[in-house]
Protein chains: 2
Amino acid sequence: MKSAKVVDVHTHMYPPSYMDLLRARNKVPYVRSFPDDPAAGDRLVILPAEDTTSTSRGRPIGPEYYDVEEKLAFMKAHDIDVSVISLANPWLDWLDPAEAAETACKVNDDVERMCSEHEGKLYAFGTLPLSGSAGEVVKEIERLAKLPHHRGIVMGTSGLGSGLDDPALDPIYGALEQSQQLVFLHPHYGLPTSVFGERASDYGHVLPLALGFPLETTIAVTRMLLSGVWDRFPKLNVLIAHSGGTLPFLAGRIESCVAHDAHLKKQGKLESRRDVWDVLKNNIYLDAVIYADVGLKAAVDASGADRLLFGTDHPFFPPLDESESEWLSVKLNSKAVRSAFGDNTETAAAIMGGNAMRILGLPE
Amino acid sequence: MKSAKVVDVHTHMYPPSYMDLLRARNKVPYVRSFPDDPAAGDRLVILPAEDTTSTSRGRPIGPEYYDVEEKLAFMKAHDIDVSVISLANPWLDWLDPAEAAETACKVNDDVERMCSEHEGKLYAFGTLPLSGSAGEVVKEIERLAKLPHHRGIVMGTSGLGSGLDDPALDPIYGALEQSQQLVFLHPHYGLPTSVFGERASDYGHVLPLALGFPLETTIAVTRMLLSGVWDRFPKLNVLIAHSGGTLPFLAGRIESCVAHDAHLKKQGKLESRRDVWDVLKNNIYLDAVIYADVGLKAAVDASGADRLLFGTDHPFFPPLDESESEWLSVKLNSKAVRSAFGDNTETAAAIMGGNAMRILGLPE
């Protein structure tokens, strides 16, 4: 039966315990105001490339980042019935292991409490203490499995420090697969600033945000694929941010490069591996945060219309004109769904919410 | 009227003058055999990431790289009527300016001669001496405009040393626009190896080739767009390798990031700029070297079916099994066209050759 609910699977919050951490810091990531520009108010600076006076430093940060009432008001204004919130990047990999474990626990409990106070409207992807040992991380995964409003975990691309193709992650992937928690894979570090050239800051934050993020994601998921993560964990499910980075578009090239690689052939790695199409259709879900029908259709072609999930990326990308109550970023994403699949079709309803209800087991 | 000819717009050769250069060198780029592995024969090493004993060093190089008879035999075996050949990367930016100018002249004359010896079968994109002054480059552009088998130029992403958003390139863009020579934009440097992580060489050359190349291209073309190249040169036409890198997929995100950028707004840069969709449909052509229908359809959605042009990337990506006379890499690309647009449709015929005939003004 078709669900008419709209579910936002890509929506972030910093709960109070995490805000306290950010405010206590003076290097990236941090939240502070700048004496040389007091009118700019509090700024959230999370990327090294934003931490320079030559561009707007970071972004304004207000209660939309940490106040659950703001999240609910945003949902109401945009006809969103359910939000599956996740901590925004950069998560916890910059903390020392003990602090990371303790913070993960606090953040997840904070968020669980928020969800339970707004029953049926809020669910969550939990945060892992990915700076310590795999053992600590597995312990939090097992704890998260018992939190009734949690439906998986959010994860960056750094893993335990050397990427998602690190064999040391196997116990973590195993625990996630075992408890069938969805991994929401989300970029944070982008690419080294050198690749954007010496004029990058002329273009504001466009290059690191528009390209750095999805290209980081694409590299991370391709490394997972090539290292055989899904051969070893065939039931590990991953929701990839921003419609897969660029994975749907590049999947053909990736497979062709694999099939033409003499080194992989010599190592016997071309036999009995699961290819990218298999993984796209059986292990990967894609959010629909892509801002145009061209990309959205490619994502659906690659993974299937039953595997795309609407998202907003709130509270990032607010309208530049504060008087606009409907956010352009949200409008672009919902318009892409309508433009690609029609106004009132089963497919559009599935992407806008039905798929998320089913995949995350949310109550009707 | 529908053309039944098949035209390959993405096909490389090293003419004799360039081979001599590569053989005389002992650092990247170079051609040589290795005493520790004589069975491997001559190897072509063009990427720093390939220049290591931990992977297969570079790739075997034989006459398919420099012998025009091999090109013609490949065309015959794959039912290709016309090839528009270009020098393979890395072109000339590693030479000193005087040597670059002289080499460009030699290479272009070598290639022009090859084409004239096989009338109607071979055309070319010329090579520019992009290591010297804009003046030298403009001179070669003007000379190329008079060579009867040349139809444009091939260009990497480095420009005059600091990328394609360098204002110093304006005289070059102006001369290309003025003489209506198509720019074939092709990657070479990929991304810094650090982004592929410490296990990258376990995956042969897959990460730099499958991801590094198209991601480099995407960054380069986005920098052109953001720096206003197409605002200043509204008739500059660019054919982007590998179906635009990932531009068709990311176009929506690029536009959204621009529309949400406070820095660009403050500078008044959001007004009267040409957006990526406008440029994709009026200035950009895309080759169809994408190896799957998912990406091909997205490229067509972004640019239009009248702007996609079949290509092979020959002689790169030969079959691993030498007994295969039909190349898998070619088969994947032609199959993608058939799978997306049918076997005998106008659209398929246009992509396979008709578009190239019209756009490049090739005689029937």
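Modeller: Pro315(A) sits in the chain A loop that runs between β11 (308-309) and α12 (328-341). Helices (H or I, at least four residues) and strands (E, at least two) are DSSP runs, numbered from the N terminus. The model is predicted: local features need pLDDT of at least 70, side-chain atom pairs count only at pLDDT 80 or more, while totals for chains, interfaces and linings use all residues, and side-chain values use heavy atoms, with hydrogens and water left out. Residues are numbered from 1 along each chain as its sequence is written, and chains are lettered from A and ligands numbered from 1 in the order in which they are written.

Now the bond itself. The peptide bond from His314(A) to Pro315(A) is cis, and its omega is near 5°. Chain B has a cis peptide bond between His314(B) and Pro315(B), with omega about 5°. Pro315(B) is in the loop between β11 (308-309) and α13 (328-341) of chain B. Most peptide bonds are trans, and most residues other than glycine have a negative phi.

Is Phe317(B) buried or exposed? Phe317(B) counts as buried because its relative accessibility is 11%. Buried means under 20% relative accessible area, exposed over 50%, and partly exposed in between (1.4 Å probe, protein chains only).

Asp79(A) also has a positive phi, near 55°, and is not a glycine. Asp79(A) is in the loop between α2 (68-77) and β5 (82-87) of chain A. With a relative accessible area of 60%, Asp79(A) is exposed.

Another loop of chain A is worth a stop. Leu236(A) lies between α7 (229-232) and β9 (238-240). Leu236(A) is at 0% relative accessibility, so it counts as buried. What does Leu236(A) touch, leaving out residues up to four places away in sequence? Its contacts (heavy atoms within 4.5 Å) include Tyr173(A), Met224(A), Trp230(A) and Asn283(A). Leu236(A) and Leu182(A) are 54 residues apart in sequence, yet their C-alpha atoms are 7.6 Å apart in space.

Next, a place where chain B touches chain A. Ser256(B) belongs to helix α9 (residues 247-259) of chain B. Its relative accessible area is 2%, so Ser256(B) is buried. Not counting residues up to four places away in sequence, Ser256(B) touches Tyr291(A) and Leu332(A).

Finally, step back to the whole of chain A. The chain has 13 helices and 11 strands. Its radius of gyration is 20 Å, close to the 21 Å that the globule rule gives for 364 residues, so chain A is as compact as a globular protein of that length. That radius is taken over C-alpha atoms, and the rule is 2.2 Å times the number of residues to the power 0.38. The C-alpha trace spans about 60 × 45 × 45 Å along its principal axes. Of the 364 residues, 63% count as buried. Of the contacts in chain A with a separation of 6 or more, 73% join residues 24 or more positions apart.

How confident is the predictor? The complex gets an ipTM of 0.96 and a pTM of 0.96.
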